[in-house]
Structure formats: C-alpha cells, structure tokens
Amino acid sequence: MIDLSILIGIIIIVGLVAFIADYKNYEKTYGHEGIGLYFYSGMQYIIGFGFIACSIFTLSNYYFAESKTKTESYEIIDRTWIQGGTKYRRNKKQPVFTINYEGKNKELVFNSNYYEKMELYKSVEFETREGLFGFKILENKKLNE
C-alpha cells in the first residue's frame with residue numbers, strides 16, 4: 001500500500017522538473033506571457049507529466065511484483081458502513097472494516113452482500129505480494145467469523 005504523500009510528491013517533483021526544463025517552449029507554442037505563462041505551463045506540466053509519471057510508478061509496482069503471495073490475518077477493530085455502490089445500487093449499504101495494519105488504521109470496503117452479517121465477522125484475511133518498489137499489493141481479501 002503506497003502512502004498518498006509519496007504519490008503526491010512524485011506528481012509535484014516530476015511536474016516541476018518538466019516545467020523548469022521546458023516552460024520556454026510552452027511560451028513559443030501558446031504565446032502566453034508573464035504570470036499566465038507560469039500558471040498555465042505549470043498546471044500542464046504538473047497535471048500532465050506528473051500524473052503520467054505517477055501512473056507509471058504505480059503500474060510498474062503492481063505489474064512487476066513478485067508472484068509469491070503471503071497470507072496475513074488481522075483483527076477487525078471497528079465497523080461502519082457507507083452508502084453506495086454502483087450506479088444502480090446507490091441505496092445499498094457497504095460495510096467498512098477498520099484494521100490495524102503495520103501500525104496504521106486502514107479501512108477495507110466490502111460488497112453490500114456482507115452488510116447483513118457485518119457484526120459476526122471477527123477478522124480479515126488477505127494475501128499480499130511485494131511490489132517492484134517494495135510497496136505491498138493487497139489481494140483476495142476475505143472475512144472470517
């Protein structure tokens with residue numbers, strides 16, 4: 001599981017590097033000057049190049065991960081639910097279970113089919129794989145009574 005601050009850092013750093021390396025070409029291409037040049041080119045480089053780099057990072061971590069899986073089980077420390085689902089199931093309630101994963105509270109959302117027996121579940125079991133960059137990939141989550 002990749003921390004959000006790492007992903008945001010990748011987006012901003014790659015966007016700023018692209019901005020510094022190429023903003024003069026942006027001026028020639030689009031004709032912006034002054035503050036508009038910096039604002040529009042900065043937004044394009046951060047959003048465009050930053051998000052492309054972030055996507056490549058996360059996809060590489062996932063697709064080039066180890067094939068060996070490790071099964072882990074965690075006790076459920078809190079239960080709640082959220083409204084929603086797909087377009088035609090907005091009135092369904094989806095259970096959300098909180099676990100303590102490596103010292104941090106993580107919420108796992110399950111299908112609305114599990115809502116009725118939500119209070120019976122005591123632990124969550126899932127498989128993890130080690131990603132290319134060392135971040136874990138969560139797979140096959142299962143509730144245990």
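Is Tyr45 buried or exposed? With a relative accessibility of 4%, Tyr45 is buried (under 20% relative accessible area; exposed is over 50% and partly exposed lies in between, with a 1.4 Å probe and protein chains only). Please keep in mind that this is a predicted model, in which local features need pLDDT of at least 70 and side-chain atom pairs count only at pLDDT 80 or more, while totals for chains, interfaces and linings use all residues. Residues are numbered from 1 along each chain as its sequence is written, and side-chain values use heavy atoms, leaving out hydrogens and water.

**Aromatic pairs**

- The model has 14 aromatic pairs (ring centres of Phe, Tyr or Trp, the latter by its six-membered ring, within 6.5 Å; planes under 30 degrees apart are stacked, over 60 edge-to-face, the rest tilted).
- One of them joins Phe19 and Tyr45 edge-to-face, at 6.5 Å centre to centre and 65° between the planes.
- Because Phe19 sits in helix H1 (residues 4–30) and Tyr45 in helix H2, this pair ties together parts that are 26 residues apart in sequence (helices, H or I of at least four residues, and strands, E of at least two, are DSSP runs numbered from the N terminus).
- Phe19 is buried too, at 15% relative accessibility.
- Phe57 and Phe135 also form an edge-to-face pair, with centres 5.9 Å apart and planes at 75°.
- Phe57 belongs to helix H2 and Phe135 to the loop between E4 and E5, so this pair ties together parts 78 residues apart in sequence.
- Both partners are buried: Phe57 has a relative accessible area of 16%, and Phe135 has 18%.

**The nonpolar core**

- The largest nonpolar core has 12 residues, among them Tyr74, Ile76, Phe97, Met118 and Leu143 (buried Ala, Val, Leu, Ile, Met, Phe, Trp, Tyr and Cys joined through side-chain atoms within 4.5 Å).
- Strands E1 (70–83), E2 (93–101) and E4 (123–130) each supply at least two residues of this core, and the largest share, 3 residues, comes from E2.
- Ring pairs link Phe97, Phe110, Tyr114 and Tyr121 into a cluster.

**Around Phe133**

- Phe133 is in the loop between E4 and strand E5 (136–144) and is partly exposed, at 41% relative accessibility.
- Leaving aside residues up to four places away in sequence, Phe133 touches Phe57, Ser60 and Asn61 (contact means heavy atoms within 4.5 Å).
- Phe133 and Ser60 are 73 residues apart in sequence, yet 8.2 Å apart in space, C-alpha to C-alpha.
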